[in-house]
Every structure is written in structure tokens, then in C-alpha cells.
Amino acid sequence: ILIVVPLYKEKEQDVRLTFESIAKQRYPTERIRVLVVLEAGDQETSVAVSRNMHILRSVFPVEVVVNGGGRRGKAAAINYALMGRLDDFDVVLILDGGDRVDDEMFFLKVSYMIQSGASVVGCTVYRWSSTILGRLSYVDTYLWYNVALPAFTWITGSPLVSGEGMAVSTVFLKEIGGFPEKLAEDAYLSIVASLRGKKVSLLDVVVWEGAPATLRSLIKQRMRWYRG
């Protein structure tokens, strides 16, 4: 498994949280590598990564790549980092800054699902913080994953997955030429897989993500989603 962590303008505590979630996974160290992707000029995130890199390196092999393709979005940065690396792995798994996974068998479960024939594997993503906005975000994501998404999946026969904790088989990635460089690339990838007759699966694993801190950041996030 290749764990890709794309970071951009992240707080140090969010970087540390994600690194700690990766480090506590119970998975053979010789079968995993972590690839941290930074953007050129993002000095604050680079410093945060340097300060917390020991958390990962005490467990798994780690490589840091600085995106040299220009800032064109998350998918483009991931594709740049993956160039020449897909042949060495069976699975690519994405975790963003601030993602927390409490299930220590998460990587093992993802590996099993891909080996069982899934091309794309997602999980439940709850967004939460202690603010009123954060609690409303939790209610929003809870209703999506427990009411709306099951209904949508029943109607269409295939779920949409979120980018946090999303895993993709490298065979499928090669087939489609990498991650779609579009807004809402995660849901778009689910649709592409479904149209090609590939299996899209959801794991009963929760990824916790920090909710937007301000109303402005929430609106920007939703505009990006709706445009996608």
C-alpha cells in the first residue's frame, strides 16, 4: 500500500494528527510506504511536516515530494507525486491533513477489500469540531452517511466515496490514467468506476475530519463541492 498524504496550508496539529493515525496502524512495515506531498512555497506546512516526521519514520518508510507541476488542485498534486511509482504498489490510499482514523486495522481492511475485487474503497467521513458550526457539520455528515447515501446507493447500485480515506487499486488507476483532475474528484472517480463496471465498496470504518472553522470557509468548501 502507498499512503499518499497531500498537504496544503495545514496547521501543525492537523499534520500531527494524521501522522499519528498512520503510525498506529497494524500493518507489515515492508508492505507499506508513506508519500507526503507538499506544494512549492508552502513553508508553514513544510516546517510542520519536518517537526513531526519522526512520528512516521519510527514505523514506516517515508518519502516527501514537492509538487513541481504548479498548484492545480489536489488530484493534480497526487498525480505528480505518483509518477513512476504505481508499479511498486497494489493500492493507493489517500489521507488528508487533519484526518483521524481510530481503527488500527484500517489499512488491513482496505487491502483485503482491494484483493477481493474492489477497484475503489471508501469509508464514512464525519466532520466535527466543538464549535456550533462544527456540530452542525457533524449532523450534516451523519445524515449523509446514514440516510442519504444508503438511499442513493440503493437507487444507483453504487456508492459515492469521499476523498478522505479513499483507496484505489493501482490497476484501475493505470487504466484511467490517474486521478481525475477535476473538482470533487472523489465522487467523480466513483462514477467513472461504476460506468466501467468496476466494484466500488464502502468500509464500516470512520475517518474523523475537522469541520470548517468559519462560515466563510464552509461556504467556500460547499461552493467547490457544488461546482464539482
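Helices here are DSSP runs of H or I with at least four residues, strands are runs of E with at least two, and both are numbered from the N terminus. Threonine 45 sits in helix 2, which spans residues 43–57. This is a predicted model, where local features need pLDDT of at least 70 and side-chain atom pairs count only at pLDDT 80 or more, while totals for chains, interfaces and linings use all residues. Residues are numbered from 1 along each chain as its sequence is written, and side-chain values use heavy atoms, with hydrogens and water left out.

With a relative accessible area of 0%, threonine 45 is buried (under 20%; exposed is over 50%, partly exposed in between, with a 1.4 Å probe and protein chains only). Beyond its neighbours within four places in sequence, threonine 45 is in contact with residues including Leu7, Tyr8 and Leu38 (contact: heavy atoms within 4.5 Å).

## Salt bridges

The structure holds 15 salt bridges, each a side-chain nitrogen of Lys or Arg within 4 Å of a carboxyl oxygen of Asp or Glu. One of them joins arginine 71 and glutamate 39 at 3.1 Å, N to O. These partners lie 32 residues apart, with arginine 71 in the loop between strand 3 and helix 3 and glutamate 39 in strand 2. Arginine 71 is partly exposed at 47%, whereas glutamate 39 is buried at 6%.

Arginine 72 pairs with glutamate 181 at 2.9 Å, N to O, across 109 residues. Finally, Glu12, Arg16 and Arg51 are linked in a network of salt bridges.
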